[in-house]
Amino acid sequence: MKKPSIYAAALLLSVSASAEEAVIEGNVLSKCIINTDVNGVYGNPSPDKLSTATSDGGVQSVIRYDVALADSYIARVITPTSFSTSPVLNDVVYWDGSTSVGEVSDATMSAYDTNKVTYEATTEFDLTVAGSTWFNVTSVAEYGYNRALPGGTYRAIVQAECIAK
Amino acid sequence: MRNLCFIIGMLLTANSLGAHELTPTYPKFKPSYVGGLASTEMTMFNARKDVEFYQLGVFDAEWNPVPFASSEKLLHVPHATRSTFDVFIRDEDLRRAVYICTLSKLRSDIPSNAIISSKICSRTDGTR
């Protein structure tokens with residue numbers, strides 16, 4: 001009785017050993033990866049204002065750019081200028097936004113903030129160093145002139161672009 | 001301070017919602033099996049849990065759309081998968097086409113209220 005059970009156990013072990021083979025695949029190429037680390041959350045510090053700023057009770061959006069090849073990409077972050085979802089709004093919404101460098105994997109990347117180009121709602125960063133850069137995005141929406149925002153769900157979209165240059 | 005940065009980095013990585021990747025950075029067009037068309041092969045990797053569809057687009061240097069063909073213009077790339085696709089452009093448009101881009105298409109039911117849309121563009125006219 002003992003021998004057949006040993007053979008059975010050996011057979012089972014050999015089968016499970018072959019079944020546990022796993023293939024890990026990866027590519028090493030020049031590339032840009034956009035990581036959406038944190039989707040933001042709007043805080044509502046006053047009846048007429050929504051803001052992702054920490055001081056306003058919101059959560060900033062955090063986007064990480066990983067670049068494998070230096071000086072090949074431009075990072076472009078566009079802050080919202082309209083809601084993608086909202087209740088009916090009868091007055092204008094004033095939008096403001098900013099993008100700044102947060103964490104960096106290489107100390108020389110801290111120059112990105114100094115050299116950034118901002119126009120309208122867009123901020124451009126020339127990714128001159130290979131590695132990872134975290135960008136913090138703040139968005140603020142103020143409704144009319146001291147008018148309370150109607151109750152409901154509000155959503156807005158931050159666009160993160162990585163353009164080969 | 002270093003420890004604090006490391007901890008913040010780890011926390012951010014742990015909270016990562018995922019990544020969007022498009023390769024190669026500088027694709028080269030070659031004559032295709034269809035006369036009058038040139039093609040190039042692109043690969044997209046989707047690690048974003050909140051996105052499954054990506055819109056493919058070809059643009060000139062001024063961001064005007066350039067006509068192109070592909071098996072799908074709205075790519076279905078489920079989470080943690082890679083998709084390889086060919087982009088076909090008419091020979092006459094070849095000199096005009098500069099950017100090949102993929103743009104994430106967001107669902108309306110994403111729970112967050114400041115949502116991030118991602119767009120990556122490769123450049124077909126090579127490095128500057």
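## A loop residue in chain A

A:Asp71 lies in the loop between E4 and strand E5 (73-78) of chain A, where strands (E, at least two residues) and helices (H or I, at least four) are DSSP runs numbered from the N terminus. Although A:Asp71 is not a glycine, it has a positive phi of about 60 degrees. Most residues other than glycine have a negative phi, and most peptide bonds are trans. With 13 C-beta neighbours inside 10 Å, A:Asp71 counts as partly exposed; a residue is called buried if 20 or more other C-beta atoms, placed from the backbone, lie within 10 Å of its own, exposed if 12 or fewer do, and partly exposed in between.

This is a predicted model, in which local features need pLDDT of at least 70 and side-chain atom pairs count only at pLDDT 80 or more, while totals for chains, interfaces and linings use all residues. Residues are numbered from 1 along each chain as its sequence is written, and chains are lettered from A and ligands numbered from 1 in the order in which they are written.

## The two chains

Chain A has two helices and ten strands, which follow the pattern α-β-β-β-β-β-β-α-β-β-β-β when read along the sequence. Of its 165 residues, 35% are buried. Among the contacts in chain A with a separation of 6 or more, 72% are between residues 24 or more positions apart, a contact being two residues whose C-beta atoms, placed from the backbone, lie within 7 Å.

Chain B holds one helix and eight strands, and from the N terminus on its elements run α-β-β-β-β-β-β-β-β. Buried residues make up 24% of the 128 residues of chain B. When contacts in chain B between residues at least 6 apart in sequence are considered, 64% of them join residues at least 24 apart.

## Where the chains meet

The contact between the chains takes 37 residues from chain A and 31 residues from chain B. On the side of chain A that touches chain B, strand E1 (32-38), strand E4 (61-67), strand E9 (131-143) and strand E10 (156-164) of chain A each supply at least two residues, and E10(A) gives the most, with nine residues. By class, this side of chain A has 19 nonpolar, twelve polar and six charged residues; here Ala, Val, Leu, Ile, Met, Phe, Trp, Tyr, Cys and Pro count as nonpolar, Asp, Glu, Lys and Arg as charged, and the others, Gly among them, as polar.

Strand pairing also joins the two chains, with two strands said to pair if DSSP finds at least two bridges between them. E10(A) pairs with strand E8 (residues 114-123) of chain B in the parallel sense over eight bridges, and within this pairing the bridge partner of A:Ala160 in E8(B) is B:Ser118. E1(A) and E1(B) pair in the antiparallel sense over four bridges, with B:Glu21 in E1(B) as the bridge partner of A:Ile33.

## Strand E1 of chain B

Strand E1 (residues 19-23) of chain B is mostly covered, since four of its five residues are buried. Within chain B, four bridges join E1(B) to strand E3 (residues 37-46), and these two strands run antiparallel; B:His20 stands opposite B:Asn46 in E3(B). The loop between E1 and strand E2 (30-31) of chain B contains B:Pro24, and the peptide bond from B:Thr23 to B:Pro24 is cis, with omega near 0 degrees.

## The nonpolar core

A nonpolar core is a set of buried Ala, Val, Leu, Ile, Met, Phe, Trp, Tyr and Cys residues joined through C-beta atoms within 7 Å. The largest such core has 46 residues, of which A:Cys32, A:Ile34, A:Ile63, A:Tyr65, A:Tyr73, A:Val77 and A:Cys162 touch the most other members. E10(A) contributes the largest share of this core, seven residues. Leaving aside residues up to four places away in sequence, A:Cys162 touches A:Cys32, A:Ile34, A:Tyr65, A:Tyr73, A:Ala75 and B:Ile120.

## Two further loops

B:Ala80 lies in the loop between strand E5 (74-76) and strand E6 (81-90) of chain B. B:Ala80 has a positive phi of about 65 degrees although it is not a glycine, and with 11 C-beta neighbours inside 10 Å it counts as exposed.

In chain A, A:Ser82 is placed in the loop between E5 and strand E6 (93-104), and this residue is exposed, with 11 other C-beta atoms within 10 Å. A:Ser82 and A:Arg155 are 73 residues apart along the chain, and their C-alpha atoms are separated by 8.9 Å.
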